[in-house]
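Subject: Structure handover

Hello,

Here is the structure I promised you. Please open it beside this email and follow along.

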Amino acid sequence: MRAARLIKMVLLLQARPSMTAAELARELEVSERTVARDVLSLSEAGVPVYADRGRAGGYRLIGGYRTRLTGLGRSEAEALFLSGVPSALREMGLADAASAARLKVSAALLPELRDAATGVAQRFHLDAPAWYQEPETPALLPEIADAVWDDRRITARYLRKDTEVERELEPYGLVLKAGVWYLAARTQGDYRVYRVDRFTSVAVAEPDNAPGTEDAGTEDTGERFTRDATFDLPAFWAERAAQFARSILREEVTLRLSAGGVRQLPYVTERTAAREAIARAQSGGGPDEQGRLTVTLAVESADVAYAQLLALGPEGEILAPPELRARFATAAHRTAALYT
């Protein structure tokens, strides 16, 4: 355990110019006194850890103590950091192992490549739970992806219902959700979401100067945009996805759930709506004397509710609307007849 902590401390100091005792203690989940003892142990083992005294002091490695991965370019580094899906790793209990692996790579990378992880997180997001299906690659995805990676403005034509519109966009990031690609882009100061398969044409802005004709010392700004450093692609997507889910849930269903039905409901219908319905019911009186909980659930439509809530079987009873209850009663009789 201590050996692993010492290795992690060295990697942290390789990845950053300097770290305070408090920062190291927080990263290593130990006390500052333990950090001081570990630094002493590293020094005795020949690792050149230097302590800067004073309020702004900290610990750093001296003498170029570093192991580098030679020959690793930016695109390779970005692909390496892109290869892990954080939510899946977390659910499999591998988040700590993945974090340690990324730390080792970060510590070994050349300084100019260490922002690769941040660059990837700002530009690509995989939203996998519950919606996954085999993705189809839109024809214009490569051009849009190039613009996202290079912070290039694009002029795009986009199908909105039956009308084709033209937009000047600053492409911030791509999201793959349920096999469908979406572009998060800024236009006229607002961030919006576009389905990539609805783009009919994309013109990527080129630099002002043709290749090879730039004046010496002239910066190639061209039609690149300045990325807002505070933009958080996963947080933006989560907010927009929640807004979309709420916007399509226009009807309500009242149902009585067993304890098993309460556990199953978030897995057969829209998860956030299910959890909110259960929380409201539990805070508003809780289960009845039979241990069953009556909830009012927001749904997209009666047809969608019928298809989803059938999965509850005898763990859920539809109370309203009457038409939906009648459909479930018919389905129950037909099912019972099959097993009679």
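Below are some notes on a helix, the backbone and the aromatic rings.

First, the ground rules. This is a predicted model, where local features need pLDDT of at least 70 and side-chain atom pairs count only at pLDDT 80 or more, while totals for chains, interfaces and linings use all residues. Residues are numbered from 1 along each chain as its sequence is written, and side-chain values use heavy atoms, with hydrogens and water left out.

Start with helix H2, residues 21-28. Helices (H or I, at least four residues) and strands (E, at least two) are DSSP runs, numbered from the N terminus. Which residues of H2 are buried? They are Ala 21, Leu 24, Ala 25 and Leu 28. Viewed down the helix axis, these buried residues fall within an arc of 100°, so they line one face of H2. That arc is taken from the directions from the helix axis to the C-beta atoms. "Buried" means under 20% relative accessible area, "exposed" over 50%, and "partly exposed" in between (1.4 Å probe, protein chains only).

Now the backbone. Glu 29 follows H2. Its phi is positive, about 60°, although Glu 29 is not a glycine. Glu 29 sits in the loop between H2 and helix H3 (32-44). Glu 29 is exposed, at 73% relative accessible area. Gln 188 is not a glycine either, and has a positive phi of about 55°. Look for Gln 188 in the loop between strand S6 (180-187) and strand S7 (190-195). Gln 188 is exposed, at 78%. Also check Ala 320 and Pro 321: a cis peptide bond joins them, with omega about 0°. Pro 321 lies in the loop between strand S11 (316-320) and helix H13 (322-338).

Next, the rings. Rings of Phe, Tyr and Trp (its six-membered ring) pair if their centres lie within 6.5 Å; planes under 30 degrees apart are stacked, over 60 edge-to-face, and the rest tilted. The count is eleven aromatic pairs. In one of them, Tyr 158 and Phe 199 have ring centres 5.1 Å apart and planes at 65°, so the pair is edge-to-face. This pair links distant parts of the chain, 41 residues apart: Tyr 158 is in strand S4 and Phe 199 in strand S8. Tyr 158 is buried at 9%. Phe 199 is buried at 7%. Ring pairs also link Tyr 172, Tyr 191, Phe 225, Phe 231 and Phe 236 into a cluster.

Best wishes
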